[in-house]
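User: I'd like to learn how to read a few features in this model. Could you take me through them one at a time?

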Amino acid sequence: MKIKLRFFASIRESLDLSEMDLSVPPDVKTIAQLRAYLINIDALWADTLALKRPIRVAQHQTMVEPDTLIEDGAEVAFFPPVTGG
């Protein structure tokens, strides 16, 4: 399955990457599995997307939960929660 990843705010800055195309293995079916897959790329990805960090995820610009199935060709965006002040 091929998807487009987009990264925003501090996640984009940490990875020094705003977007990338990715072919995910067949066993990566949900947002949670995608995050786990990305965490295993290397130490930088592991630190940036660590499960202890609050990170929001959207698929096709709609907020989704970790158990959401990833659609083939999806645009999946990762970003930190917005804080107000």
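User: How do strands E3 and E4 pair, and over how many bridges?

Analyst: Strands of a sheet pair through backbone hydrogen bonds, either parallel or antiparallel. Strands here are DSSP runs of E, at least two residues long, and helices are runs of H or I, at least four, numbered from the N terminus; two strands count as paired if DSSP finds at least two bridges between them. In this predicted model, local features need pLDDT of at least 70 and side-chain atom pairs 80 or more, while totals for chains, interfaces and linings use all residues. Residues are numbered from 1 along each chain as its sequence is written, and side-chain values use heavy atoms, leaving out hydrogens and water. Now the case: E3 (residues 56-59) and E4 are antiparallel, with two bridges. Ala-58 sits opposite Met-63, and Gln-59 faces Thr-62. Two residues separate the strands in this hairpin, and His-60 has a positive phi near 50 degrees.

User: What does E3 do on its other pairing, with E5?

Analyst: Strand E5 (residues 75-79) runs antiparallel to E3, joined by four bridges. There, Gln-59 has Val-76 as its bridge partner. Zooming out, the open sheet has five strands in the order E2-E1-E5-E3-E4, with mixed pairing. E2 (19-23) and E4 (62-63) are the edge strands, each pairing on one side only.

User: Next, salt bridges. Which residues are linked in a network?

Analyst: Side chains of opposite charge can pair when their charged atoms come close. The cut-off is a side-chain nitrogen of Lys or Arg within 4 Å of a carboxyl oxygen of Asp or Glu. This structure holds five salt bridges, and a network links Lys-4, Arg-6, Glu-19, Asp-21 and Glu-75. Lys-4 reaches Glu-19 with closest N and O atoms 3.3 Å apart. Lys-4 is in strand E1 (residues 2-7) and Glu-19 in E2, so this pair ties together parts 15 residues apart in sequence. Lys-4 also bridges to Asp-21, at 3.0 Å, and Glu-19 to Arg-6, at 3.2 Å.

User: Is Asp-21 buried or exposed, and what about Lys-4?

Analyst: Go by relative accessible area: buried is under 20%, exposed is over 50%, and partly exposed lies in between (1.4 Å probe, protein chains only). Asp-21 has 57%, so it counts as exposed. Lys-4 has 26%, so that residue is partly exposed. Glu-19, at 34%, is partly exposed, and Arg-6, at 25%, is partly exposed too.
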